[in-house]
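Subject: Structure for your review

Hello,

Please find the structure below, with the sequence. My notes on the overall fold and on the pocket follow it.

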Amino acid sequence: MKKLILKNSSRKTVFIYFFIFIILFLLCLLFPYSCDDWAWGSQIGLDRLSTWFENYSGRYFGNLIVIALTRSNFLKAFVMSFCITGIMMLIHKLSGEQKNGAFIILTVLLFMPVNLFRQVIVWTSGFSNYTTSAFLTLIYIYYVNNIYDKKKPQYSFLDIVPLAILGFLNTLIVEHMTIYNVILSVYVIIFTGIKFKKVYIQHIAYLVGAAAGTITMFSNSVYHSIVKGNDDYRSIGSNQGIIIKVLKTYFSSIVSEGFFNNFILNVFLVGVCLIAWLTMKNQNKVSKKVKLFCSISVFVMVAFLASTFIISMEDFTELFILKVIKGILTGMYILAFVVFLFLMPFENDQKVKLLFIYGSIGCMMVPLLAVSPLGDRCFFASYVMMLYLGMEIYSTFSESVKKKCEMLSKSALVTVFVGFMYLFYIYGTISLCNNERIEAAQAASKNGSAIVQVEELPYKKYVWTSDIDERMDSEKIWAERFKLFYNIDENVKIEQISSMKK
């Protein structure tokens, strides 16, 4: 396939990547297994595998990943740190390896919303589907990045098989990314056909792999059950009709989880757009109409950012009127970006690339409008693409502007250091308490005790579904899986007591 990502990087850049990988690896070792992890890492996971996940899900590759990662904490930490570092590296390379770009990207990734972080980074089951699919998709986007160059792309014939395999596996992880990868592969073929009057067999290979993977995924009987409304957990549409379902999902989930909650990302995105506009608006080729509409679009972006800050400052009750206001503001924000990207005086190839990235965000979100349930984790891929969009806009700055921004970008290094120290403290504390409750439950099982009291994990908002109190009906299933995962006698009743650290 294409040259290795690191091949053209400086020694300093390689060292930075390696150092970040090591730090992430040590951090990931502290992440506890929780919730569905206990099922996948026990006999339940093997039972699902024995039926080849029939009537469970078509996420065949994602399911195999989670089965493997829940059986080795070392392997889990390695794969997690490898994928996270890989995502950072790919965005950095795609956006032209901007100076201090690695630390800007890592800052935005580290300070993603806590609810998103705990579902796609900390929680092994969530990571195995949502982070891996984003990483593998970025690999293909990086491979075809040269279609935006002026020269015709050059590929090796030997790339065909790896690309077909990549396309196949990438569509066997999570449904909305399956759909996106098919759209992506078709887009690349059409774009190169129009621009270079040529269709590449390498692009065809990825499409064939993606199509085969899509057919394989959706041939699982569970999707027939979902469409017919016979699945107790998942559904498409609603009894009130697809339009009502789409509107409800937009106002209740897309607005908050896809846009409003991403405060640090929004600061970065709006910041680079504002700087880009201030440095380009006085160019001779910018007409009065373009100035007017771009100024309005930037004003809308800044107003949206201010509203997210104000609302995040208070614990507002989600009344209907507030949801409507947030939905309208988000709609205006989305439209403002469309206007901004279309009208800004970027180079033609650069503009097409920016519109592709922005269109990708939409393609990743649109399938989510019709499905239930919908969690923060479903928006990780679009979060990554928004980050990529921001870095791509940053890459359009002139060298003089980049130099002026250098001090701000250097501050990202300090932010990364503080962020890592904070996370090590949080997850170090969680890890110690988790080990203590596992040991207490195993000791009770060995001693034949009927009841064992364990302390709930501290800083619970940083772990996805960690409570195992069997006195609570909603937690009995997790307690049963916890005991199965850690070989604890099923007759031992687990009672959870409050932690001093919240």
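The radius of gyration used here is taken over C-alpha atoms, and the globule rule is 2.2 Å times the number of residues to the power 0.38. This is a predicted model. For 502 residues the rule puts a compact globule near 23 Å, and the protein chain has 24 Å, so the two agree. Along the principal axes, the C-alpha atoms fill a box of roughly 80 × 55 × 50 Å.

The protein chain has 20 helices and four strands. Of its 502 residues, 55% are buried. Taking contacts between residues at least 6 apart in sequence, 80% join residues at least 24 apart.

The largest pocket has a volume of about 1000 Å³. It is lined by 42 residues, and those closest to its centre are Arg59, Tyr130, Glu175, Tyr233 and Arg234. By class, the lining has 23 nonpolar, 11 polar and eight charged residues.

Which elements supply at least two residues each to the lining? They are helices H2 (36-40), H4 (60-69), H8 (124-143), H10 (175-196), H12 (221-228) and H20 (476-485), together with strands S1 (235-236) and S2 (371-372). H8 gives the most, with four residues.

Regards

Terms used: Residues numbered from 1 in each chain as written. Predicted model: local features only at pLDDT ≥ 70, side-chain atom pairs only at ≥ 80, totals over all residues. Heavy atoms only, no water. 1 Å grid on protein atoms, 1.4 Å probe; cavity = no way out; pocket = protein on both sides within 12 Å on 5 of 7 lines; lining within 4 Å. Points joined across faces, edges and corners; volume = space filled by probe spheres on them. Nonpolar A, V, L, I, M, F, W, Y, C, P; charged D, E, K, R; others polar. Buried < 20%, exposed > 50% of the residue type's maximum accessible area, 1.4 Å probe, protein only. Contact = heavy atoms within 4.5 Å.
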